Amino acid sequence: MAMRSLKGQTAWVIGGAGLIGRGIAHGLLRAGATVIVNSRHANRLTSLAEELGHPEKLVTINGSMMAGDAERTAAEALGVTGGMLSHVVAHSGVAWWSRESRDESSTLAAKALLSLSADEFATHAAQLPALHFSALRTLLPRIHPAEGGASTYTFVTGGTDGAAGSYVAPLAQLNAHAVYGLAAAARAELINSPLKVAELRVNLGINRPADERAADPRERPLSLDIGAIVAGVAADPEPKGVFSSSFLELNTNEDVTAMRERFPVRDA
């Protein structure tokens with residue numbers, strides 16, 4: 001199978017300042033893309049740049065994609081890239097990091113479900129899908145394929161089932177499932193669009209305990225595999241009708257290997 005790169009293309013990673021987001025940014029950068037990552041927290045962007053080795057093609061923007069700030073954030077980011085944007089990867093697996101107080105969605109772990117009033121429930125249960133809807137609505141009109149390439153919008157979801165015995169906050173579960181619905185709705189509504197829409201759902205544990213890693217080792221960190229897969233999805237040369245707006249799922253290490261083989265990408 002021919003391998004493609006993302007050289008000359010620009011990708012935006014929504015939710016790119018954490019562990020999985022860093023892996024996604026790494027995969028896109030390695031494939032040759034210019035990569036935009038935004039965060040409300042400037043210190044997280046500084047840490048991301050340091051951990052990635054200050055790559056020249058990393059564009060960090062201190063701003064939110066929530067309604068009210070998304071237009072300003074998008075304008076600032078695309079001002080840096082000259083308006084170029086071919087791909088978006090929207091990462092939303094809140095359960096992987098929801099106990100970290102520094103995260104964008106840390107409030108999802110802050111309260112017990114039945115302690116909420118009806119108004120609080122409506123606000124907190126929609127926090128993450130509202131952010132991703134705002135990002136989708138803001139960025140979709142700004143996505144254009146690079147010459148000879150495609151344009152893609154990939155949702156990376158998961159982390160709702162307490163993998164590896166981890167606790168999943170009830171509000172995190174509600175928000176994650178709501179993003180599942182948003183991704184499905186976007187795939188359905190955009191099925192006749194030239195834009196290729198995919199959802200990669202990851203049902204594997206992140207930051208696994210040492211005994212589990214020893215019993216079921218991986219060749220490389222899962223975050224890097226996820227990054228390589230989403231880069232491969234973005235670089236996939238198949239036309240829309242062959243690719244089809246796709247639901248992709250990682251349940252086992254074998255799935256990871258198969259998905260990397262299905263969507264290969266060449267280092268730029």
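This is a predicted model: local features need pLDDT of at least 70, side-chain atom pairs count only at pLDDT 80 or more; totals for chains, interfaces and linings use all residues.
Tutor: Rings of Phe, Tyr and Trp (its six-membered ring) pair if their centres lie within 6.5 Å; planes under 30 degrees apart count as stacked, over 60 as edge-to-face and the rest as tilted. A search of the whole structure finds 1 aromatic pair.

Student: Which residues form the aromatic pair, and what makes it stacked, edge-to-face or tilted?

Tutor: The residues are Y153 and F155. Their centres are 5.2 Å apart, and the limit is 6.5 Å, so they pair.

Student: How do you know whether Y153 is buried or exposed?

Tutor: Buried means under 20% relative accessible area, exposed over 50%, partly exposed in between (1.4 Å probe, protein chains only). Y153 has 1%, so Y153 is buried. F155 has 0%, so F155 is buried too. Of the 268 residues of the protein, 53% count as buried.

Student: What makes R201 a charge over the ring of Y180?

Tutor: The rule asks for NZ of Lys or CZ of Arg within 6 Å of the ring centre and within 35 degrees of the ring normal. The charged end of R201 sits over the Y180 ring, 3.5 Å from its centre.

Student: What is called a nonpolar core, and which residues of the largest one touch the most other members?

Tutor: A nonpolar core is a set of buried Ala, Val, Leu, Ile, Met, Phe, Trp, Tyr and Cys residues joined through side-chain atoms within 4.5 Å. The largest has 37 residues, and I24, L28, V35 and I226 touch the most other members. Its largest share, 8 residues, comes from α8. Helices (H or I, at least four residues) and strands (E, at least two) are DSSP runs, numbered from the N terminus.

Student: Why are the buried residues of α10 said to lie on the same side?

Tutor: The buried residues are N253, V256 and M259. They cover an arc of only 120° around the axis, so they lie on the same side of α10. The arc is that of the directions from the helix axis to the C-beta atoms. The face turned away from the buried side of α10 carries the exposed residues E254 and E261.

Methods. Residues are numbered from 1 along each chain as its sequence is written. Side-chain values use heavy atoms; hydrogens and water are left out.
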